[in-house]
Amino acid sequence: MEPQDQTANGLAIEVKGISKRFGSLLAVDNVTFQVKSGEIFGLLGPNGAGKSTLIRMLTTLVPPTGGSATVAGHDIIRDPTAVRSRIGVIPQNMTSDPELTCAENIGIHARLYGITGESRRRRTAELLEAVNLQDRSDALASTLSGGMRRRLEIARGMVHDPQILFLDEPTTGLDPVSRMSVWEMITHLRVQQGRTLFLTTHYMDEADRLCDRVAIVDRGRVVALDTPVALKASVPGASRIEVQFHPDLPNGAPDLERLPAVQSVRSLGSAAYRISSDRGPASAQELVELARELKLELRSLSVQSTSLDDVFLHYTGHGLAEIAETAAPAGEAKKGGAR
Amino acid sequence: MNRALALVERDMRKFRRSPALLFAALVLPLVQLIILGNAFGGNIKNVELGVVNLDHGPQSVTVVERVRAVGANARTFLPTDYVDEGTAVSDLRKGVVGGVLIIPQHYSRDLLEQHRPHLVLVTDNTDRSVAGAVGSQMADLVASINAPPVAPRETPQAILDVVEVYPYVDYIKYLLPGSVTLAIFVTAMIGGGLLFIDDKSRGLHEGYMVTPITKWELILGFNLSGVIKAVLSGGTVLVLGAVVAQVPDFFQPARLLNMALMVVLTSVALIGMMFFIMARINDPLVPRAIFGVLNTLLFFPSGAVYPVAGFPKWLRVMSQADPFTYAVHGFRTLLLKDVGITAIGTDVFALTLTSVVVLGGATLLFRRTL
């Protein structure tokens, strides 16, 4: 099945200054962005950044306290039913019924979208096959592994062939093999079916690998939004080089700061240095030549490209893991108080 | 409507796969019916009665013989002779005997001299039922001793004849209406309360709320599936209970129809009430914490186990506000009196009014958003 009609202006989602306040807590603060039809758009941020609240507002589960948004061309406040009938949602928590079989879970969801009779049976079979669960059709959802359960959730969210699919942290809690399987499925949904996908994640590699564009969210605000490549390129010192000499450089760090394209140098002790450079491979070549010139031995040399973690650090002033550790115990998916 | 039926289909599939809910809803009321129904309301028998005869005259021997006659026939009490009253009363305190009859010295002489001698019955009033039964039997016995050997030609006293309009109603039949109502309530607590909140806290409702299902369809779906389960368990206890309690002419079609109406009305009212209570609750511990209290507050003031007429005034007021009262009264009227629907008009009205109020309130409280 192909996705339904796309909006006239080519935008699947348009968010204008949307906010959500829970008491004194401003969970989402005046957020504005647009998602084009057919793209995979990612919200990247730690637990507690406001991703789930934002996705819940866009899927009509939580009313905003300010601003507006249209999803599939329909206003989320004025016409929530039209929005609901055009979106598929795979929430962060597993919401398939553990006491129902895979086929029953999909079939009952189909009925909630008005799909009945033979169409329901056919669609259920198609979706179970699409997510490789055709052999587990009559198995209770409670007996599935985490990865299988997530695939069932994706199938269920696709039952009415939605224009836009929302996935809230689709791989959280999954093992590496299951993560890969879900990633493949997400890629397939876009490549084969041209659907718009909106996903939230706190995994850098997930956003980097899957998303056409990524919005970095921190403390309820979007602090950067672009393609992963452009975001990484926007960070000064796009490459990180670690080098160790023997013996040490005669003047230490100043000998390295003179090299072209080097942005900064930090001594790590024991004649080792961390260098930020705009041109990683070229700087590495210059380090080899410097060692030869000064008759020093190069004990180690490694070049790393900028990751989205560096981008996050650059735009927020703190690392993703660092804030995730402090926010994780509170969780972000608590009803009514989600951030 | 079709979307509401999707929720009903979901619940029925789960209900059929795991009939534990039906089992749980049936066990408590049926066990209660069989155990309490047989434990209460029977005639008290075999109470050990200590007899201390300090007289030994011919009139006291008559008393002892009549006591032994009761022991051999009605068996309300079984006499045991004691030599002195101190030992007998001590045994009464220890629970060895349930009462002590003391025939005082000079009883025979005083009786013949018409000095109105006193027989003394010492009872253990920590058990009022046993003390009452022994006292009543002894009063009859003393009345028979006092009766003149030849009846006077004209009896000056008025005589009361008690006529019972229905066949003998033992306690198990009296308890059955409460058991049926309890079965419906237990289903409402588990199926309409516990599972509802558990599903909500597990995020299952979130999965429904992102679909186009409307608020009305959600309310209709949740309540309809609850009512179907409550009708199944209430109907099962009604039929099984009527067979166990041997309710006469239970399977008359018109009677069954009236009782089916009562089962449906009670189910709608109690499921609606549970939905009203649970509309804003998210914590799965809350229903578990309040169900015991709720059961006591609704079941016992309803007259299910003891007549409302015996309650203090404040409890009678509480009883009038309790939907259980009308369910129990309606079932009791239909089961034990075999009268038509008009006899339960007040009960039908009260249960309908309860349904309208609680479902209206629940609709106002229920939120379609998180």
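Helix α7 of chain B has a kink of about 30°, centred on B:Pro177; the bend at a residue here is the angle between axes fitted to the seven residues ending there and the seven starting there. Helices (H or I, at least four residues) and strands (E, at least two) are DSSP runs, numbered from the N terminus. The helix covers residues 171-201, 31 residues in total, and reaches 43 Å from its first C-alpha to its last, close to the 45 Å expected at 1.5 Å a residue. That expected span is 1.5 Å times one less than the number of residues. Of the 31 residues of α7(B), 26 are buried, so the helix is largely enclosed by the rest of the structure. A residue counts as buried if 20 or more other C-beta atoms lie within 10 Å of its own, as exposed if 12 or fewer do, and as partly exposed in between, with C-beta atoms placed from the backbone. After α7(B) comes B:Gly203, with a positive phi near 90°.

All of this is read from a predicted model, in which local features need pLDDT of at least 70 and side-chain atom pairs count only at pLDDT 80 or more, while totals for chains, interfaces and linings use all residues. Residues are numbered from 1 along each chain as its sequence is written, and chains are lettered from A and ligands numbered from 1 in the order in which they are written.

Stepping back to chain B as a whole, the domain assignment gives domain 1 (2-39 + 170-365) and domain 2 (47-146); such bounds come from an automatic or database domain assignment. The centres of domain 1 and domain 2 of chain B, taken over C-alpha atoms, are 50 Å apart.

Chain B also has an open sheet of 4 strands in the order β2-β1-β3-β4, with mixed pairing. Two strands pair if DSSP finds at least two bridges between them. At the edges sit β2 (77-82) and β4 (120-123) of chain B, each pairing on one side only. On average, neighbouring strands of this sheet are turned by 25° against each other, direction ignored. Strands β1 (residues 47-53) and β3 (residues 99-103) of chain B run parallel and are joined by 5 bridges, and B:Gly50 stands opposite B:Val100 in β3(B). Helix α6 (residues 128-146) of chain B lies across β1, β2, β3 and β4 of chain B, running at about 165° to β4(B). Angles like this run from 0 to 180 degrees between N-to-C directions, and the axes are lines fitted to C-alpha atoms, for helices over the stretch in contact.

For a closer look at this sheet, take B:Phe77, found in strand β2 of chain B. B:Phe77 counts as buried, with 26 C-beta neighbours inside 10 Å. Leaving aside neighbours within four places in sequence, B:Phe77 is in contact with several residues, including B:Val47, B:Leu49, B:Gly99 and B:Val134. Contact means that the C-beta atoms of two residues, placed from the backbone, lie within 7 Å.

Chain A holds 12 helices and 14 strands. Its C-alpha trace spans about 80 × 45 × 40 Å along the principal axes, and buried residues make up 45% of the 339 residues in chain A. Here 6 strands form an open sheet, ordered β6-β7-β8-β3-β9-β10, and the pairing is mixed. The edge strands are β6 (87-90) and β10 (221-226) of chain A, each pairing on one side only. Strand β9 (residues 213-218) of chain A runs antiparallel to β10(A), with 5 bridges between them, and A:Ala215 stands opposite A:Leu225 in β10(A). Helix α5 (residues 146-157) of chain A packs on the sheet and touches β6 and β7 of chain A, its direction making about 165° with that of β6(A). Helix α1 (residues 51-58) of chain A lies across β3 (40-44), β7 (164-168), β8 (196-201) and β9 of chain A, at about 150° to β7(A).

Elsewhere in chain A, A:Gly66 lies in strand β4 (residues 66-71). A:Gly66 is partly exposed, with 13 other C-beta atoms within 10 Å. Not counting residues up to four places away in sequence, A:Gly66 touches A:Gly17, A:Ile18 and A:Ser19.

Finally, the two chains meet: 24 residues of chain A are in contact with 22 residues of chain B. Helices α2 (80-86) and α3 (102-112) of chain A each supply at least two residues of the side of chain A that touches chain B, and α3(A) gives the most, with 4 residues.
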